[in-house]
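Work through the exercises below with the structure at hand. Try each task before you read its solution.

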Amino acid sequence: MKSVLDILEQRISEALRKISGIANRSTSLTASCPAIVRPAADARFGDYQVNGIMSAAKQLKMNPRQLAEKVVAELNISDICQTPEIAGPGFINLRLKPEFLANVLREIYEDKNLGIEKTAHPQTVVVDYSGPNIAKEMHVGHLRSTIIGDCISRMLECLGHKVIRQNHIGDWGTQFGMLLAYMNHKIDSISTYKNYAIVTSIFDLTDIEQFYKDAKKFFDENPDFTDLSREYVVKLQSGDVDSLRNWQTIRDSTLGHCQKLYDCLKVTLSEKDVRGESFYKDMLAGVVADLRKKNLAIESEGAVCVFPEGFKGKDGEPLPFIIQKSDGAFLYATTDLAAIRFRLKELNAKRVIYVTDARQILHFKMLFAVVKMVGWADESIKLEHITFGTMLGADGRPFKTRTGGTVKLTELLDEAVERARAVVDEKNPDLPEQQRQQIARTVGIGAVKYADYSNNRDSDYVFSFDKMLAMDGNTAPYMQYAYARIRSIGRKAEQNGLDIQKELTGICEISLSDPAEQALAKQLVQYGQAILNAAADCRPNYLTGYLYELSQAFSRFYNACPVLQSEGQTRATRLLLCDVTARTIRHGMAELLGIEVPEQM
């Protein structure tokens, strides 16, 4: 269904076209000066505000307030709004009619998609996120890319786009020479086993982080091992059967560890989404050849480089985008070029989104510039680097363990669940043990994710269990409790013998007479637009902000408007408001943020 905002913008645009006298021209005034309708920042001045009059007046060479008066006179919105009000130099304030609001609310209630409008122009969108390290456990540094990328993917799918998730992992390169050589060393040391197949089948990388550390230590302390590692790089890249088998063991062990964390976080990544560097290994020479053929890649100090326009170093010299080293080896940049070409040409992506920290800004700017230089992407293709800040400790520095080490993601989530369990035990000691444990897991994991989402992704933020587990403020526990409280109304109704479904099915008229009812309804009809805004800018905090405002609107409604104590159409209307609010919170939390909401807390 079309959003209220879209309907208002369409009506105002029609009025502008009539006033400008160019209704039949191929290029309309509203193409360059759109109506620009936004929810009002202050409810005292209305529900929506028209902000595009000043720009239109400038183009038409008219006084803004006079143009606003003409627009109001021409405007046909009496079925939607009360009489428009002109404010300041040319703003138009609009207030929705309760009866229109009631009709939209009924449509949302009857729509399983809660009135969310699917895009008329669906695209294939590739979202590249998470990117864990092979032979290392995931740590807190992987959290933001993983969950932000997942939320972006969920929102785009909700709006009707085809999303292809890509978990780009570094599973090919020089570090594997070290890992494979060390693995072979470990196998040789197990002299009891003579059969190679038996040895590899029992070789269990249960602690992959320790395996990597041991290999690195052995590498640093044994000079001969360095040369052996280089030999194993050659073996692997030449297709040696044993090396490939051991490479697969290390890779599978790492991805198995990652999948457990994805499942714990309710992240929608799976094995089929993994697209490692190994996938592109046979494409790298072709990428370099393609760039050479188009005279974009040249040799510079023995290396093959591309010099995209506009990038210079501190010395003022052109900055190289190196795609092949002097020894013939390919680089991270070469793989990224192969990956983006594959995504555009083979996956037919019209939008490609990379979710990484801000330290890679320059790399992606140069990557996108090279892609456009070589002609793989025209203006219809959207290439985006979605950045995020750093998770900080209480000392304002990057989040570390007390000993200064990297915090493993598993340990962080376990502690979150443990702390949440203490809160649940305090609030609801009478709940069954299994239920308290399930709620603790839901609240703990959700608190970590929601705290990240609710911050502007560009900003650093201080990680605090106390703040994220608080039962008040813009936190997951607050949102989860808000949902559980609404559901408790239904349980109380059933205990009192009230058939809610029958009452809602038989509702003849929705009557929004109380200001708190109207305020909640106005918030509910903006859900689809909130998702659209969050997806357009890839900002989950727009969505969490909306959900928090919705829960506050419900709290004011609940305090002002008795639900079960009311009667007739009033009770039915209020039960409907409760139902749509609960469904909206559940959809936003569970379907878009990947955070479960318990029925009881």
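The exercises cover ring pairs, charges over rings and cavities in this predicted model.

**Exercise 1.** Classify the ring pair of Trp 172 and Trp 247.

Solution. Step 1: the structure holds 17 aromatic pairs. Trp 172 and Trp 247 form one of them, with 5.6 Å from centre to centre. Step 2: the angle between their planes is 85°. Planes over 60 degrees apart count as edge-to-face, so this pair is edge-to-face. Step 3: locate the partners. Trp 172 lies in the loop between β6 and α7, and Trp 247 in helix α11. They are 75 residues apart, and the pair links distant parts of the chain. Step 4: both Trp 172 and Trp 247 are buried.

**Exercise 2.** Why is the pair of Phe 554 and Phe 557 tilted?

Solution. Step 1: the ring centres are 5.6 Å apart. Step 2: the planes meet at 50°, so the pair is tilted. Step 3: both residues belong to helix α22, three residues apart, which is about one helical turn. Step 4: Phe 554 has 2% relative accessibility and counts as buried. Phe 557 is buried too, at 0%.

**Exercise 3.** Which residue lies over the face of Trp 172?

Solution. Lys 281 does, at 5.2 Å from the ring centre. For another case, turn to Tyr 232: the charged end of Lys 235 sits over that ring, 4.6 Å from its centre.

**Exercise 4.** What is the make-up of the lining of the largest cavity?

Solution. Step 1: this cavity holds about 40 Å³ of space. Step 2: its lining includes Leu 5, Pro 39 and Gln 526. Step 3: by class, the lining has five nonpolar, three polar and no charged residues.

Conventions. Residues are numbered from 1 along each chain as its sequence is written. This is a predicted model: local features need pLDDT of at least 70, side-chain atom pairs count only at pLDDT 80 or more; totals for chains, interfaces and linings use all residues. Side-chain values use heavy atoms; hydrogens and water are left out. On a 1 Å grid over the protein atoms alone, a cavity is a set of points where a 1.4 Å probe fits but cannot get out, and a pocket is an open set with protein on both sides within 12 Å along at least five of seven lines; lining residues have an atom within 4 Å of a point. Grid points are joined across faces, edges and corners, and a volume is the space filled by probe spheres set on the points. Ala, Val, Leu, Ile, Met, Phe, Trp, Tyr, Cys and Pro count as nonpolar, Asp, Glu, Lys and Arg as charged, and the others, Gly among them, as polar. Rings of Phe, Tyr and Trp (its six-membered ring) pair if their centres lie within 6.5 Å; planes under 30 degrees apart count as stacked, over 60 as edge-to-face and the rest as tilted. Helices (H or I, at least four residues) and strands (E, at least two) are DSSP runs, numbered from the N terminus. Buried means under 20% relative accessible area, exposed over 50%, partly exposed in between (1.4 Å probe, protein chains only). A charge sits over a ring if NZ of Lys or CZ of Arg is within 6 Å of the ring centre and within 35 degrees of the ring normal.
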